Every structure is written in structure tokens, then in C-alpha cells.
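Please consult the sequence and the model while reading.

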Amino acid sequence: MSALRSIADKLPPGLRQKAVALRDGLLLDRESRADIKRHRRYMTPSDEAFTVRMNDRQLETQLTKDYHRIEKGLAMPSPRRPFGAKVRARLVAMLPEAERSTDPLVAVAAERAREALAALDAWNEGGDIDPLIAPPVVPLTVPTPEELDGFFTSRHSLRDFDPERPVGDELLAMAANWAARTPSVCNRQAGRVHVFNDKETIARLLKIQAGNAGFGQTVPTLIAFTVESSLFAGSGERNQRWIDGSLFAMTYTWALHGLGVHSCMLNWSKRNLHSDAARRVGGIPESEDIICLLAIGYPATPEVRVARSPRRGTEEILRLH
């Protein structure tokens, strides 16, 4: 690709545009093939391709998918009775494999699966719904519209941090606890938060991201949001990692905002070679896909400014059908 770029630079403007378009098309094809290869390498088999011969992450994924199906079924307005024969058969087949595993996450999923199986049997046999598996809804304490407006309209992307004031571990953990409530496909909770306070590591990651010129040197704490790609199954979920990961990242960012921590989202519209480099620099597992980076901290001074960033009108966003 670098050779094609060198050739394009020497061409007349019209031919240069065509050469660049050709290069971009070839890059797109190469990156798309790499994305497919990654998904095929790490994905869990679909329900139709179910087998008990799975690795620990795949076993955790399938257990979670199926025990959550029981939870959802018992939370419906009028659950069928009986239901869940295929789900029950898969869980029963997987539990002996789970008991042989030494992975702690598999053990947690297996325990939840056993609880869900007991609840399913109680419903199918006697019509009783287990409140552990399908608890009553929690009443909401709703802030006033004015309070909500102040919260949502006060967040801006900060680009001038106090470089000597990193965000404390307690606040990071509190935000992670709240972000764990983010909706995810079949409750698989694939979002991960990698926190960096080391200045050299932050500088190397920000150099790869290459969208922080002018303020990256002020960032005291950097977050990489990722998803565990093995928690997604089959061809139909090939894009779900980006959806779940983005939801998780935004929930975490709003949680930090509620704790008084400022932030700036740094997009990760990067090629696979850049993601590979960031994994090496940050010690991020190979099986995790990078969603985006987040610079966090506190304003350098009380007079720090933010971009105006005007918003589209409600009439353009909201479509009432």
C-alpha cells in the first residue's frame, strides 16, 4: 500500500484521485477480511452449531445465553407452560463440562444456570415463578426534568486537563459498578475497562490513536474500552460487539460525569495493525476488540474552555410515527 501511495503522489490530480480511490478500496477489502477472520477465530458457535466441545469463554457464553433465556421467559406477561425444552437440554449437556473447568467465570455462569434450571422446572411443573430469577420491578426514584436537564447538558468534551491529577481508583470502580448495568445481548456483559495512569504508556497509546493533537500531553488518565469478542456467537452477531461496547462506553462515561470527572471521547476508527499495536502497548488481550479511548481527569484551571458543539434540534432527531 505504501508503494501505491508513492505512485499516486507523482500522478496528475485526476489520476491521483483515481489511484487513491483504488488504494482505499483495496484497504477496505483487506481490513474487512481481517475483521471476518477475527470474528471467526473467537466467536462462539451459534445455537444450531451447538457442541459441548468448547473453550472456557465459549462455554461461559452459551451458558449465559441459555440461562438468560429462562430469566426472560419468566419475566414475560404470560409465560408459556411448559417452555424451554431446547434450552434445558443444552444447559443439562453443558453443566458436566462446566464442572470440569477450572475457569472462575465458567463456575459463576454454571451456578446461575443451575438456579435458572431449578426455576424453569418449578414453573413447568407447578406454575411457580422464582423471585430470584424473575424479581419484581424496582420502583424508580425519578429526578425532576430540571435536574436531568442540568446533568445531560452540562457534559462537554474537555481538552485541557490537569496532568498531575489522575482519577482515583475508587471513582473508577464506582463507575464500573454502574456501567455493569448496561444492557447487553443476552446479558453477556462483554464490556471491559482498561485504565492507564503511566505517562509513557498514555503517550504511546495516544500516538497510535492520533486524534488528540494539542492536548494529549495533558491527559492524566486514559481508558481503553474493549469487548471480549468470544462472548459473541455466530454470523448474526458479527457487529454486535461494536453495539454492546459502545453502549457500555457511554454508560461508563455518563457515570464518570455524575461523579464530577471530565472526559473526552477519542474515536478508534483505526486499521487492524493499529489495534494490534495498541494491544501490545496496553497489555490488552488479543481476544478483545478496542471500541474507543477516553481521556479523563479534571480541568487544568477554572477558566478552561470547551467547544460549543451545537446540537441538532429535537424536531430533526425525534420521529413520531
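Which residues of helix 9 are buried?

## Basis of the report

The model is predicted: local features need pLDDT of at least 70, side-chain atom pairs count only at pLDDT 80 or more, and totals for chains, interfaces and linings use all residues. Residues are numbered from 1 along each chain as its sequence is written, and side-chain values use heavy atoms, with hydrogens and water left out.

## Helix 9

The buried residues of helix 9 are Arg 241, Asp 244, Gly 245, Phe 248, Ala 249, Tyr 252, Thr 253, Ala 255, Leu 256 and His 257. Buried means under 20% relative accessible area (1.4 Å probe, protein chains only). Helices are DSSP runs of H or I with at least four residues, numbered from the N terminus.

Helix 9 covers residues 240–258, a run of 19 residues. From first to last C-alpha it reaches 27 Å, close to the 27 Å expected at 1.5 Å a residue; the expected span is 1.5 Å times one less than the number of residues. Just after helix 9, Gly 260 has a positive phi of about 85°.

## Helices 4 and 5

The axes of helix 4 (residues 85–100) and helix 5 (residues 104–126) cross at roughly 145° and come within 10 Å. These axes are lines fitted to C-alpha atoms over the stretch in contact, with angles running from 0 to 180 degrees between N-to-C directions.

## Cysteines

The count of disulfides (pairs of cysteine sulfur atoms within 2.5 Å) is zero. Cys 264 is in no disulfide, and the nearest cysteine sulfur, that of Cys 292, is 10 Å away. Cys 264 is buried, at 1% relative accessible area, and Cys 186 is also buried, at 14%.

Note on methods: Buried < 20%, exposed > 50% of the residue type's maximum accessible area, 1.4 Å probe, protein only. Helix = DSSP H or I, 4+ residues; strand = E, 2+ residues; numbered from the N terminus.
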